[in-house]
Amino acid sequence: MGGSPSRSLQRNPSKHRLGRIPVANVQPIVEHGAYPVKAVEDEEFKVTANVFREGHDSVNASIVLTDPQGVETRFPMRQIEPMGLDIWEGWARVGGQGDWTYRVEGWSDPWHTWLHHAEAKLPVGMDVPLLCLEGAALFRRSADCAREEGDQTTATVLENFANVLLPDRPVEELLELIHARSLRRSMDAYSPRDLVSPTAEVPVRVERRRAEFSSWYEFFPRSQGAHQDENGHWVSGTLAQSHERLEAAAAMGFDIVYLPPIHPIGRAFRKGKNNSLTPSEADPGSPWAIGSEAGGHDAIHPDLGTIEDFDAFVAKAKSLGLEVALDFALQASPDHPWVKEHPEWFTTRLDGTIAYAENPPKKYQDIYPINFDNDPEGIYRECEQILDYWISHGVTVFRVDNPHTKPLDFWDWLLDRMHEKHPEVIFLAEAFTRPEMMKGLGKVGFQLSYCYFTWRTTKEELESYVTELAQEWSPCYRPSFWVNTPDINPFHLQSGNHSMFAIRAILAATLAPSWGVYSGFELFEHVPLAPGREEYLDSEKYEYRPRDFHGGPNLNVLLGRLNEIRRENRALQQLRRVTFHPTSHPQLLAFSKVDGDSHVLTVVSLDADQAVTGEVYVDLQTLGLPPQTILQVEDQLGGGTYTWGATNFVNLYPGRNAHIFTVTPA
């Protein structure tokens, strides 16, 4: 007898088990669904699963995406090689912001089951009457499905095919009929889906596009307009004097300006020039040594101005299309009000002193780290209030200092609260640490993270690392590629070679949807603190560094053009669909990105000193094109239009380090 199994045969309904058509190993999923898969508005993401069944009948699979209002959209999946592993994949595109879900549905596919039998039996005249009878019935079922969807035209087409699928027709005519394109299209659209077996719903969080696609520019407000008075004493720059830097960042196409901490700086154990332990009275100290008698994390350093000056700064940024990112550094100077008001928030050592920050052999005597285990409720609420305060003053982005030195469950709580109250706010993790911690920060809610691009320099390193980020890490982690930071003066830039600066900017801007520049990079600043050190001499972290940003030579034009190309080409605004193409030269890197109709192919020389010539072997299939397609490629960086095929010659040299091609079939 048919029907549902008796109660005694039913499985535990509280557990999700394999269905009638088994679907296993669904990806992406983060911690078994405890955290959402990351996506941004109108982004595509790939779904894979193993779909199989008993016997030889055909199976099929679909992705079903559900938006925050409960509206479902179905996307097809296809089986991929190797076929014996039953791997199915498909791409789903989300819409607007909010909490979405997706599931995979496996189902019995009567159309492809029948088609396989027909293609095997008709040529040898086996079971022709039965095949025609079954085929006509299937076409009519499909016509009913088309009518239910309001597609009367396709329903009529399918009814007509049912009427002419007659066993007395010649076999050649029957084969021609079942191979008709109109029948294939109609059946692919409306063939019945039998024994539908859904997986559990997987959460997907869709955030605003800036959570993935962003260009960051970092500068210190205290250096903007800083000068020495007639007595040789330094006078700090101010927020009001920093408006010019906002205009410059906007002119170069950046969309986020990031400010290191703007709070009062402690006097105790203040660091001097080049991280010296013997500062002079004139040394301004490190902005990360937060807190003095002037206030803590919710105050502005008096030298920089007032909260009204900050509001004007934010308003100016918004008028230029910029967002302001503040540093969120959870640590305190020994002079911070917290030290007196909440000594329990720190670690007291056996000798009675408060433990300062250390990363042996480095010591940071001017910074007290917070102990999150002593009074978690008090610390958690204080951090929430600090963020709420700055958000109320127009801050929409935070760069978080060393989040990997704080407990993950703290970030889980805090970022969940921020999502509930301020889903538009973006958090960038400054985390250079072990892979599991970096991914863990992404899982609990950080939208972006610094990453190890800065130290990936060879062709093999770049291909391997970016592929890993685009595929394995993408469900929970979005990288931001920074060419330099106040803490990192990379070895490959320390020669001052202008071509290497250009190469690294081109790589960062085209490989990753999010990238960043610390001011001074565009002026080719490169002198290290000492040989073998990746730190800047006369670091801005410890002194004022006014600059002539309009002096030459500089990279202002190149940075502006890179950001312009990124805005104009949707393919460069995502990472999931990146493919590396073989080349004949070890210093020639070629990769493409695709998003819908947007196709970009970038070819970069990694040699800053001499010309590189070689061939690029384009995998046309990854561009969604047939093998013999002729391409028209237009260089958005250097100009010129060329005709390309699968094998193409390039010649790059210092001064012309790359091609950034938009690609269309010729």
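These notes cover a sheet, the nonpolar cores and the cavities of a predicted model.

1. **Sheet order.** Four strands form an open sheet, ordered E1-E3-E7-E6, and the pairing is antiparallel. Strand E1 (23-27) and strand E6 (78-80) are the edge strands; each has a single partner strand, so one side of each has no neighbour in the sheet. On average, neighbouring strands here are turned by 35° against each other, direction ignored.

2. E6 is joined to strand E7 (residues 87-93) by 3 bridges, and the two run antiparallel. Gln-79 has Trp-88 of E7 as its bridge partner.

3. **Main core.** The largest nonpolar core holds 128 residues. Those touching the most other members are Tyr-102, Phe-328, Phe-398, Trp-411, Phe-481 and Trp-515. Helix H13 (residues 498-511) supplies the largest share of this core, with 10 residues.

4. **Phe-481.** Leaving aside residues up to four places away in sequence, Phe-481 touches Cys-451, Phe-453, Val-466, Leu-469, Ala-508, Leu-511, Ala-512, Ser-514, Trp-515 and Gly-516. Trp-515 is itself among the core residues that touch the most other members.

5. Another core, of 26 residues, lies apart from the largest one. Its members include Cys-132, Leu-174, Leu-175 and Leu-183.

6. **Cavities.** With a cut-off of 30 Å³ or more, the count is 4 cavities. The largest cavity has a volume of about 110 Å³. Leu-469 is one of the residues touched by Phe-481.

Key:
Residues are numbered from 1 along each chain as its sequence is written. This is a predicted model: local features need pLDDT of at least 70, side-chain atom pairs count only at pLDDT 80 or more; totals for chains, interfaces and linings use all residues. Side-chain values use heavy atoms; hydrogens and water are left out. Two strands pair if DSSP finds at least two bridges between them. Axes are lines fitted to C-alpha atoms, for helices over the stretch in contact, and angles run from 0 to 180 degrees between N-to-C directions. A nonpolar core is a set of buried Ala, Val, Leu, Ile, Met, Phe, Trp, Tyr and Cys residues joined through side-chain atoms within 4.5 Å. Buried means under 20% relative accessible area, exposed over 50%, partly exposed in between (1.4 Å probe, protein chains only). Contact means heavy atoms within 4.5 Å. On a 1 Å grid over the protein atoms alone, a cavity is a set of points where a 1.4 Å probe fits but cannot get out, and a pocket is an open set with protein on both sides within 12 Å along at least five of seven lines; lining residues have an atom within 4 Å of a point. Grid points are joined across faces, edges and corners, and a volume is the space filled by probe spheres set on the points.
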